[in-house]
Amino acid sequence: MPSRAFLERRNALWRQLREMPPGTPKFEGALAELCALIGWNRAQVLSGLGLTRADVPEGEREP
């Protein structure tokens, strides 16, 4: 069973992605972090948000 900290971080990242404008550096950073955390690729996470790669061209990540 995943730890509470893992679940809280995962849920916080999904929430952030739903609230941010797609394609911004902060969105890309949260997207990359969520992908690494849950083991999904970019297209799978975008699909989970109801978006496609065409909707969100890959942008720059926030440093």
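This is a predicted model: local features need pLDDT of at least 70, side-chain atom pairs count only at pLDDT 80 or more; totals for chains, interfaces and linings use all residues.
Residues are numbered from 1 along each chain as its sequence is written, and side-chain values use heavy atoms, with hydrogens and water left out.

Helix α1 spans residues 4-19 (helices are DSSP runs of H or I, at least four residues, numbered from the N terminus). Its 16 residues reach 23 Å from first to last C-alpha, close to the 22 Å expected at 1.5 Å a residue, the expected span being 1.5 Å times one less than the number of residues. Buried in α1 are A12, L13, W14 and L17 (under 20% relative accessible area, 1.4 Å probe, protein chains only). Their cover includes α2 (25-38) and α3 (42-48).

Turning to the helix pair, α1 and α2 pack at about 145 degrees with axes 10 Å apart; axes are lines fitted to C-alpha atoms over the stretch in contact, and angles run from 0 to 180 degrees between N-to-C directions. On the α1 side, the contact (heavy atoms within 4.5 Å) is made by F6, R9, R10, L13, W14, Q16 and L17; α2 contributes F27, A30, L31, E33, L34, L37 and I38.

In helix α3 sits R42, which is buried at a relative accessible area of 17%. The R42 side chain makes a polar contact with that of E28 at 2.7 Å (a pair of N or O atoms within 3.5 Å, one able to donate a hydrogen and the other to accept it; residues adjacent in sequence count only if both atoms are side-chain atoms).

How values were computed
Helices (H or I, at least four residues) and strands (E, at least two) are DSSP runs, numbered from the N terminus. Buried means under 20% relative accessible area, exposed over 50%, partly exposed in between (1.4 Å probe, protein chains only).
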